[in-house]
Amino acid sequence: MQARLAPPREPKLGEIVASRIKQDIADLGWPIGHVFGSQTELMRRYEVSRATLREAVRQVERHGIARMHTGMGGGLIVQQPAREAAVLALAAYLELAAVKLHDLLEARSVLEELMITLACERGGESELAALSMLVRELRDAPLASVEADIEMSLRFRRALVSLSRNPALMLMLEALYRVSSDLLSSPAETPQLSTLMLRARREKIALAEAVIEGDSVQAGLRARASLERARKALDERVLELGLPADTASTLELIVQSERFGGSAQLKLGHRTSLRIALDARRAGPGGRLGSEAQLCERHDVSRAVLREALRTLEPQAIVRAQRGARGGLVACAPDSTYTIELTATYLEYARLRPRHFYELWRALQIACTPMAAARIDAAGRARMNRLRSEEARPMAPQQRLPTHGRLHALIGELSRNPALALFMGLLDRVGTHYQADPPSDEIWSRIVASHAELCGLIGAGEAALARRAMLRHLKLLDVRVELLLEA
């Protein structure tokens with residue numbers, strides 16, 4: 001079962017109230033430290049029961065928006081949405097939804113290409129000086145443990161990504177690095193480990209030097225060569241563990257590595273959540289995983305550790321608790337709603353600029369289009385044709401932009417890369433906050449005609465021609481959003 005974006009589910013009342021609280025806090029201007037209301041006041045304001053309010057508050061706290069404090073002067077206190085929570089939510093979805101390793105690396109390749117271009121264009125003196133210091137550290141630091149090498153690698157990647165000055169791109173790449181960097185490093189028992197670690201350091205140094213020089217072509221070549229080498233090494237490790245190279249996921253690799261003594265650096269709660277997620281994937285939606293007591297016994301953990309694991313799994317809809325005679329934990333289809341909402345909350349607070357939004361959205365469209373054409377099936381063609389038919393019908397001007405957005409979000413899904421589809425879904429959600437006048441009748445007719453050509457080529461499997469058609473289509477949009485990009 002390949003993870004994919006699930007259709008939006010019907011939100012629970014607690015989730016609806018949480019969204020209203022978030023919007024009301026945003027309308028106040030995110031006054032950090034402000035007491036938004038006591039429990040009694042909030043129950044009255046939103047006309048809900050204590051149980052519903054508590055569920056809403058748990059959602060708000062997960063998003064890092066506010067935290068409930070008890071005692072004198074307590075209440076729901078506004079705080080900054082946590083960037084770390086957004087990164088971890090993206091990484092957790094990619095990991096727990098069992099996204100294939102090759103899809104993760106494909107997504108990394110797409111986003112790193114944009115990152116390197118922007119880093120070479122935008123790197124300022126202070127950022128380049130920080131990167132130069134890291135290069136010196138990579139040259140001079142003695143080889144230590146694999147864990148220390150991973151940490152140094154993450155620091156290097158963060159410094160490089162920060163040069164792009166695009167907050168959304170930085171979030172997405174950091175999430176991918178969280179999921180894949182430890183997998184792309186060499187296990188401690190690998191023969192000639194020090195030689196491999198030194199080669200990885202040399203690759204990072206060469207990449208950084210090209211970026212510092214502003215040579216995006218050379219930097220891109222070095223990044224692609226490094227990722228391709230890592231891909232081959234990862235395939236070898238997957239085969240050693242007895243997993244299928246083409247379909248193995250991060251989830252399977254970590255759990256299988258754990259059985260051979262790997263992944264010891266992961267906390268017990270995290271390891272337990274991974275094992276349960278893999279069980280849920282194998283059971284399929286609706287599969288029963290057992291009672292709380294049975295799960296504690298099966299995974300040899302305490303009730304507290306199990307509940308910690310479930311707090312990670314339930315927001316991603318990997319599992320749900322079922323009450324009654326046939327109660328227990330039930331497997332579900334992964335749902336990206338929680339991840340998208342949490343990350344969008346952070347980006348809204350950070351006031352992601354239209355320019356940053358559009359350059360990332362544009363790059364993903366160009367990358368996803370040939371993938372969609374190469375991988376589309378009959379069901380995908382049917383979905384695309386339904387949207388095309390809807391677009392061709394007369395509609396009110398205010399309906400045009402949402403309809404246009406749905407078709408482009410579908411292209412992300414048709415790429416059959418769940419990581420890229422997740423990022424496209426996030427941008428589709430964030431894009432609703434950018435106000436733009438509906439296109440005129442003349443512009444809309446040109447957009448519809450451009451979509452017809454684009455969809456025809458995707459449906460026919462013409463990957464190269466579809467990409468060229470997307471580039472032509474984006475020229476129409478580039479002109480249209482020029483004023484928005486100046487904001």
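How far is the sulfur of Cys455 from the closest cysteine sulfur? I looked this up in a predicted model, where local features need pLDDT of at least 70, side-chain atom pairs count only at pLDDT 80 or more, and totals for chains, interfaces and linings use all residues. Residues are numbered from 1 along each chain as its sequence is written, and side-chain values use heavy atoms, with hydrogens and water left out.

**Cysteines.** I found the closest sulfur to that of Cys455 in Cys368, at 14 Å, too far for a bond. A disulfide is a pair of cysteine sulfur atoms within 2.5 Å. By this rule I count 0 disulfides. I then checked burial (buried is under 20% relative accessible area, exposed over 50%, partly exposed in between; 1.4 Å probe, protein chains only). Cys455 is buried at 5%. Cys120 is buried too, at 17%.

**Helix pair.** I took helices as DSSP runs of H or I, at least four residues, and strands as runs of E, at least two, numbered from the N terminus. The axes of helix 16 (residues 354-375) and helix 19 (residues 418-431) come within 10 Å and cross at roughly 140°. Axes are lines fitted to C-alpha atoms over the stretch in contact, with angles from 0 to 180 degrees between N-to-C directions. Helix 16 is therefore oblique to helix 19 (under 35 degrees is roughly parallel, over 145 roughly antiparallel, 65 to 115 roughly perpendicular, the rest oblique). Contact means heavy atoms within 4.5 Å. Cys368 of helix 16 is among the contact residues, as are Trp361 of helix 16 and Phe423 of helix 19.

**Strands.** I saw Arg67 bridged to Ile77 in strand 3.

Note on methods. Pairing = 2+ DSSP bridges.
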